[in-house]
Amino acid sequence: MSETGQGAPAQSATADREIVISRVIDAPRELVFEAFTEVRHLSRWWGPEGFTTTTRSFEFHVGGEWDFVMHGPDGTDYREWITWTEIVPPEGIALLHGEYRGDPNAFESVLAFAPDGAATRIEMRTVFPTKELRDEAVEKYHAIEGGRQTLSNLAAYVTEIVRKGAEG
């Protein structure tokens, strides 16, 4: 049995290349999942604090792509590209995320959506091609804090939808 009781032996092979972030969101799983599937939702919450997103194209299906630009609070633009590799509504999404199609430094993310009472536990597991790329993402791009802020923005967005729905 692993030290934490959570990791399977197969996961240890990528442990030094991955980042795992999770959060419980006070909203139904279907709604949290839907926030990832429609660009009208994604563009409202995607990214860390202070970032905005401009979508160039969006196709949510396996093999589909999301081509977008993230605008940093300092005015820097970051070209981004995602392709969906697996979609299992409302349980999970797997994707490849890079700066452009064919990016050799693209990383894989698996998002799991699990019911937690009336809430949803979302886990985002990101695996980088190398330990060095993971370390660079953490140190230079603050990937762990940015991931937490992104899930926080998602939580705020969907709980606002729930609140508005309850009002009217």
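How do the residues of the lining of the largest pocket divide into nonpolar, polar and charged? Keep that in mind and start with confidence.

**Colour by pLDDT**

This is a predicted model. The protein averages a pLDDT of 92, and 92% of the residues score at least 70. Now select residues 1-8. Here the pLDDT is below 50. Beyond near neighbours in sequence, this stretch has two contacts in the model. Next, compare two elements. Helix 2, residues 39-45, has the lowest mean pLDDT among the elements, at 92. Strand 5, residues 92-98, has the highest, at 98.

**The largest pocket**

Show the largest pocket. Its volume is about 1,100 Å³. The lining has 37 residues. Select Glu80, His97, Phe107, Tyr141 and Ala143, which lie nearest the centre of the pocket. Then colour by element. Two or more lining residues come from each of strand 1, strand 4 (77-88), strand 5, strand 6 (107-116), strand 7, helix 3 (131-139) and helix 4. Helix 4 gives the largest share of the lining, six residues. Now the opening question can be settled: the lining holds 18 nonpolar, 11 polar and eight charged residues.

**Helix 4**

Stay with helix 4 and select residues 143-167.

Which residues of helix 4 are buried? Select Gly146, Gly147, Gln149, Thr150, Leu151, Asn153, Leu154, Ala155, Tyr157 and Val158. The buried residues of helix 4 pack against strand 1 (18-25), helix 1 (29-37), helix 2 and strand 7 (119-127).

**Helix 1**

Move to helix 1, one of those partners. Seven of its nine residues are buried, so helix 1 is largely enclosed by the rest of the structure. Show the buried side chains: Arg29, Leu31, Val32, Phe33, Ala35, Phe36 and Thr37.

Select Val24, in strand 1. Is this residue buried or partly exposed? Val24 is partly exposed, because its relative accessible area is 38%, and buried would need under 20%. Leaving aside neighbours within four places in sequence, Val24 is in contact with Asp116, Ala119, Thr120 and Arg121.

Now select Val62, in the loop between strand 2 (52-58) and strand 3 (65-71). With neighbours within four places in sequence set aside, the contacts of Val62 are Trp84, Thr85, Glu86 and Ile87.

Val62 and Glu86 are 24 residues apart in sequence and 5.7 Å apart in space, C-alpha to C-alpha. Val24 and Glu86 are 62 residues apart in sequence, with 22 Å between their C-alpha atoms.

**Two backbone stops**

Most residues other than glycine have a negative phi, and most peptide bonds are trans. Two places depart from that.

Zoom to Pro90, in the loop between strand 4 and strand 5. The peptide bond from Pro89 to Pro90 is cis, with omega near -15°.

Finish at His142, in the loop between helix 3 and helix 4. His142 is not a glycine, yet its phi is positive, about 55°.

Terms used:
Residues numbered from 1 in each chain as written. Predicted model: local features only at pLDDT ≥ 70, side-chain atom pairs only at ≥ 80, totals over all residues. Heavy atoms only, no water. pLDDT = per-residue confidence, 0-100. Helix = DSSP H or I, 4+ residues; strand = E, 2+ residues; numbered from the N terminus. Contact = heavy atoms within 4.5 Å. Expected span 1.5 Å × (residues − 1). Buried < 20%, exposed > 50% of the residue type's maximum accessible area, 1.4 Å probe, protein only. 1 Å grid on protein atoms, 1.4 Å probe; cavity = no way out; pocket = protein on both sides within 12 Å on 5 of 7 lines; lining within 4 Å. Points joined across faces, edges and corners; volume = space filled by probe spheres on them. Nonpolar A, V, L, I, M, F, W, Y, C, P; charged D, E, K, R; others polar.
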